[in-house]
Amino acid sequence: MVKEIAEVVYQSEIATDIYSMLLKVTFARDAVPGQFVSLYSADGSRLLPRPISICETDAGSGTIRLVYRIAGKGTKEFSGLEGGDRIEILGPLGNGFPIDEYKDKRVLLVGGGIGIPPLLCCADSLEEPVFAVGYRSETYLLEDLKKRGEVHVATEDGSLGTAGNVIDAIKADSVKADVIMSCGPMPMLRALKAYAAEAGIPCYVSMEERMACGIGVCLGCVCGTEHVDEHSHVNNARICKDGPVFDAKEVTL
Amino acid sequence: MTEPNMAVSIAGVTLKNPVMTASGTFGSGMEYSEFFDLSKLGAVVTKGVADVPWAGNPTPRVCETASGMLNAIGLQNPGIDVFCERDLPFLRKYDTNIIVNVCGHSKEEYLRVVDRLADEEGVALLEINISCPNVKQGGIAFGTDPRAVEEITRAVKARAKQPIIMKLSPNVTDIKVMAKAAEAGGADAISLINTLTGMKIDIERGRFALANRTGGLSGPAIKPVAVRMVYEASGAVSIPVIGMGGITCADDAIEFMMAGARAVSVGTANFRNPTVTVEIAEGIRDFLVRKNIPDVGEIIGCVR
């Protein structure tokens, strides 16, 4: 975990309000799939870092790729950065998916909305990745996914793949897997947890919550847990530090 | 010139410099120890600790506001037993002062924590949190009534082995009255300000931004209010005042000291810059050198 000034190598808008930014950092080789970084606004009136998941890492060139959606003024500011610009960054943060444990297994990587980007770096460490991704209507990163494995798509408006959500796509296409690793909106994670329990397979979810510090200090971004958490000895784990990836059985969704 | 003296004294406890952390923004220092040597701080003020573990409030617990943030964590903490077994031994490894922030819902709960800490080595001072706006009982309920402030101060003082700092709320009409009440109850020092009660509404969703509806406002947005209150409080009492509220740089810290603070706490700024506390300590030193001031004590209350 280091705080540093990163250089923007390249940035482009890849779908409406969704940006892909390549950053030169010193920690590219240390990052594991499922981890995130904190980006800091250049405007001091926006105090808090913005947590953004790591989409891809390239240890060779020392770069990480972030794909994020404009959600407010902070991310709007980031979207204006161009190659050569600099930005304050802290990372890599959080724990990541248990990739090594399932390296040679059939892993179903499930993403919804802006939860899709971290699936890319997961796939890069797996032998047999299968994707199930859900969009409202407009797709993004689809070509990047197809390059890495079999892709099952759901769109809410039915414009591509199965009409409905990712669970509908998984069922419609009879997708089988040994384990699920997922990132996306809470209703999706909740449905996946139930689906995995029924299918009798493990399921890992990457959680999201409003954060302040991003390093486990402020206790802003907790989620309910089945067992007593190690930090506060209640049933509230820190998403930024103990997560963002949890065994779905372990967290209250 | 020779190196300026940066040490200050609070209730007989010497701080190597006047910079400490604000409770709740620094945990017990473990996470920040990955960024810098905690021994460079005048003191570490821990996250509030209660007699038993507290689960805190539902999420969302935090949100950003213009030059500030709102929080309604609700004092999630592991309780005094885990704190004494895990956090205190960690902090004792550093050459800094340990100030334990104590919270409770009732006088009895505060006293249980105070009693438990009595024989713990290395605890220099206790900071009694009677000003958290995010817990329904205790906290701010004690801190906004001068009689209650005096009573809880007296009760804690009678039992505490360490000198006590009463942490005051800014959500009052006259901070001088509260400062005097703490002094009358036997406080060895006071610290202020805790957060200002605020609210944010997410207009897109038509909902409160925080699950708790209200939260405590902190960050640079509150600094002028805090400086004014430190000025007023330090003029009303003769015990030391520890100033905090929106400090992000050495200039801010110096402002608080000139208003009357003997030491300062840095809070929300830690979330933006993990090494801000040590940078502030160095910045105060540089200021003294530039102004040819041999002792940091000379700037305390110098604007009066």
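## Salt bridges

Partly exposed, as used here, means a relative accessible area between the under-20% of buried residues and the over-50% of exposed ones. A:Asp43 has 30% relative accessibility, so A:Asp43 counts as partly exposed. This is a predicted model, and in it A:Asp43 makes a salt bridge with A:Arg46, with 3.7 Å between the closest N and O atoms.

Over all chains, the structure holds 32 salt bridges. Another one in chain A joins A:Lys103 to A:Asp100, where the closest N and O atoms are 3.2 Å apart. A:Lys103 is partly exposed at 35%, while A:Asp100 is exposed at 61% relative accessibility. In chain B, B:Asp145 pairs with B:Arg147, with closest N and O atoms 4.0 Å apart. Here B:Asp145 is partly exposed, at 28%, and B:Arg147 is exposed, at 67%. Chain A also has a salt-bridge network, which links A:Glu56, A:Arg65, A:Asp124, A:Asp144 and A:Arg148.

## Where the chains meet

Now for the interface. Chain A puts 34 residues into the contact and chain B puts in 36. About 2700 Å² is buried between the two chains, and carbon and sulfur atoms give 59% of that area. On the polar side, 16 residue pairs are in polar contact between chain A and chain B, counting pairs with both residues at pLDDT 80 or more. Three salt bridges cross the interface. The side chains of A:Arg50 and B:Glu64 form a salt bridge too, at 2.8 Å from N to O.

A:Val234 is worth a look. This residue lies in the loop between β13 (222–224) and β14 of chain A, and A:Val234 is buried because its relative accessible area of 9% falls under 20%. Leaving out residues up to four places away in sequence, A:Val234 touches A:His227, A:Val228 and A:Asp229 in chain A, plus B:Pro53, B:Trp54, B:Ala55 and B:Gln76 in chain B. A:Val234 is also ten residues from A:Gly224 in sequence, with their C-alpha atoms 9.1 Å apart in space.

## A covered helix and a nonpolar patch

In chain B, helix α2 (residues 107–117) has B:Glu109, B:Tyr110, B:Leu111, B:Val113, B:Val114 and B:Leu117 buried. The cover over those buried residues includes α1 (79–92), β7 (97–102), β8 (123–129), α3 (140–143) and α4 (146–159), again from chain B.

On the surface of chain B there's a nonpolar patch formed by B:Met199, B:Ile201, B:Ile203 and B:Phe208, with about 420 Å² of accessible area together. B:Phe208 belongs to strand β13 (residues 207–208) of chain B and is partly exposed, with 34% relative accessible area.

Most residues other than glycine have a negative phi, and most peptide bonds are trans. What is phi of A:Asp17? Phi of A:Asp17 is near 65°, a positive value in a residue that isn't glycine. A:Asp17 is in the loop between β1 (2–15) and β2 (18–24) of chain A, and is partly exposed at 37%. B:Arg213, also not a glycine, has a positive phi of about 70°, and is found in the loop between β13 and β14 (214–218) of chain B.

There are cis peptide bonds to check as well. The bond from A:Gly243 to A:Pro244 is cis, with omega near 10°, and A:Pro244 is in the loop between β14 (236–238) and β15 (245–247) of chain A. In chain B, the bond from B:Leu192 to B:Ile193 is cis, with omega near 10°. B:Ile193 is in the loop between β10 (189–192) and β11 (196–199) of chain B.

Technical notes. Residues numbered from 1 in each chain as written. Chains lettered and ligands numbered in written order. Heavy atoms only, no water. Patch = residues over 30% accessible without salt bridge, like charges linked within 9 Å, V, L, I, M, F, W, Y side chains within 5 Å. Areas by Shrake-Rupley, 256 points an atom, 1.4 Å probe, with all protein chains shown as cover. Helix = DSSP H or I, 4+ residues; strand = E, 2+ residues; numbered from the N terminus. Buried < 20%, exposed > 50% of the residue type's maximum accessible area, 1.4 Å probe, protein only. Contact = heavy atoms within 4.5 Å. Buried area = accessible area lost by both parts, 1.4 Å probe. Polar contact = N/O pair within 3.5 Å; in protein donor to acceptor, adjacent residues only side chain to side chain.
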